[in-house]
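Here is a short briefing for a first look. Start with the sequence and the model, then read on.

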Amino acid sequence: MIDITPEDRALIKSHIILPRVLTAFERDIALINTTLKTPGPYVDVIAEAQRKITADIYEIRKQFRTRGIKVYEELSDDDGVVARYKCRGYESEMRLRWSTMAPQAAVVMRKYLGLNEGTRPFVRMPPK
């Protein structure tokens with residue numbers, strides 16, 4: 001049995017964070033549309049970021065199939081998110097606390113919005 005790799009863990013972590021970033025962007029678009037007089041340019045930038053995230057989520061799912069990873073349960077509580085998964089027969093779980101996920105999500109949001117280009121991105125896609 002092959003143990004889970006750091007790349008596998010990064011994919012699982014991205015699988016947890018990226019959908020939550022999409023939700024945050026949806027919430028932000030709704031807020032922008034109701035509060036700004038000219039929301040169009042801001043909404044366009046966020047919508048483009050959402051398209052990129054959606055494409056990366058698709059790629060993550062493809063990598064899951066290739067690598068034999070299956071996240072079969074995600075539970076949220078007051079402390080964070082627990083994802084239970086199987087990886088090539090190895091069964092485990094990953095916990096991400098809200099206190100650490102929020103700053104990581106902010107880095108991801110900046111990356112997809114095209115900000116802080118010089119910083120290292122959080123989501124690392126493994127080679128195909």
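Which side chains meet in a salt bridge of 2.5 Å, N to O? They are those of Asp8 and Arg88. This is a predicted model, and the points below build the picture around that pair.

**Overall layout**
- The protein has 3 helices and 3 strands.
- Along the sequence, these elements follow the pattern α-α-β-β-β-α.
- Of the 128 residues in the protein, 38% are buried.
- The protein exposes about 7900 Å². Carbon and sulfur atoms supply 56% of that area.
- Take the contacts in the protein with a separation of 6 or more: 55% of them come from residues 24 or more positions apart.

**Asp8 and its two arginines**
- Side chains of opposite charge can pair when their charged atoms come close.
- Asp8 forms a salt bridge with Arg67, and the closest N and O atoms are 2.8 Å apart.
- Asp8 lies in helix α1 (residues 6-35) and Arg67 in helix α2 (residues 40-67), so this pair ties together parts that are 59 residues apart in sequence.
- Asp8 and Arg67 are both buried.
- Asp8 also meets Arg88 in a salt bridge, at 2.5 Å from N to O.
- Arg88 lies in the loop between β2 (80-87) and β3 (90-97), while Asp8 is in helix α1, so this pair ties together parts that are 80 residues apart in sequence.
- Is Asp8 buried or exposed? Asp8 is buried because its relative accessible area is 0%, and buried means under 20%.
- Arg88 has 28% relative accessibility, so Arg88 counts as partly exposed.

- Arg95 forms a salt bridge with Asp79, with the closest N and O atoms 3.6 Å apart.
- Arg95 is in strand β3, and Asp79 is in the loop between β1 (69-76) and β2. The pair links distant parts of the chain, 16 residues apart.
- Arg95 is partly exposed, with a relative accessible area of 35%.
- Asp79 has 34% relative accessibility, so Asp79 counts as partly exposed too.
- Which residues do salt bridges with shared partners join into one network? They are Asp77, Asp79, Arg95 and Arg97.
- The count for the structure comes to 11 salt bridges.

**The nonpolar core**
- The largest nonpolar core holds 32 residues.
- Within this core, Ile12, Ile16, Val21 and Ile53 touch the most other members.
- The elements that give two or more residues to this core are α1, α2, β1, β2, β3 and α3 (98-113).
- Which element supplies the largest share of this core? Helix α1 does, with 11 residues.
- Ile12 touches Ile4, Phe64, Ile69, Val71, Tyr85 and Met94, leaving aside residues up to four places away in sequence.

**Rings and charges**
- How many aromatic pairs does a search of the whole structure find? The search finds 0.
- A charge does sit over a ring at Tyr112: the charged end of Lys111 lies 4.3 Å from the centre of that ring.

**To take away**
- Asp8 in helix α1 pairs with Arg67 in helix α2 and with Arg88 in the loop between β2 and β3.

Conventions:
Residues are numbered from 1 along each chain as its sequence is written. This is a predicted model: local features need pLDDT of at least 70, side-chain atom pairs count only at pLDDT 80 or more; totals for chains, interfaces and linings use all residues. Side-chain values use heavy atoms; hydrogens and water are left out. Rings of Phe, Tyr and Trp (its six-membered ring) pair if their centres lie within 6.5 Å; planes under 30 degrees apart count as stacked, over 60 as edge-to-face and the rest as tilted. A charge sits over a ring if NZ of Lys or CZ of Arg is within 6 Å of the ring centre and within 35 degrees of the ring normal. A salt bridge is a side-chain nitrogen of Lys or Arg within 4 Å of a carboxyl oxygen of Asp or Glu. Helices (H or I, at least four residues) and strands (E, at least two) are DSSP runs, numbered from the N terminus. Buried means under 20% relative accessible area, exposed over 50%, partly exposed in between (1.4 Å probe, protein chains only). A nonpolar core is a set of buried Ala, Val, Leu, Ile, Met, Phe, Trp, Tyr and Cys residues joined through side-chain atoms within 4.5 Å. Contact means heavy atoms within 4.5 Å. Accessible areas come from the Shrake-Rupley method with a 1.4 Å probe; for residues, only the protein chains shown count as cover.
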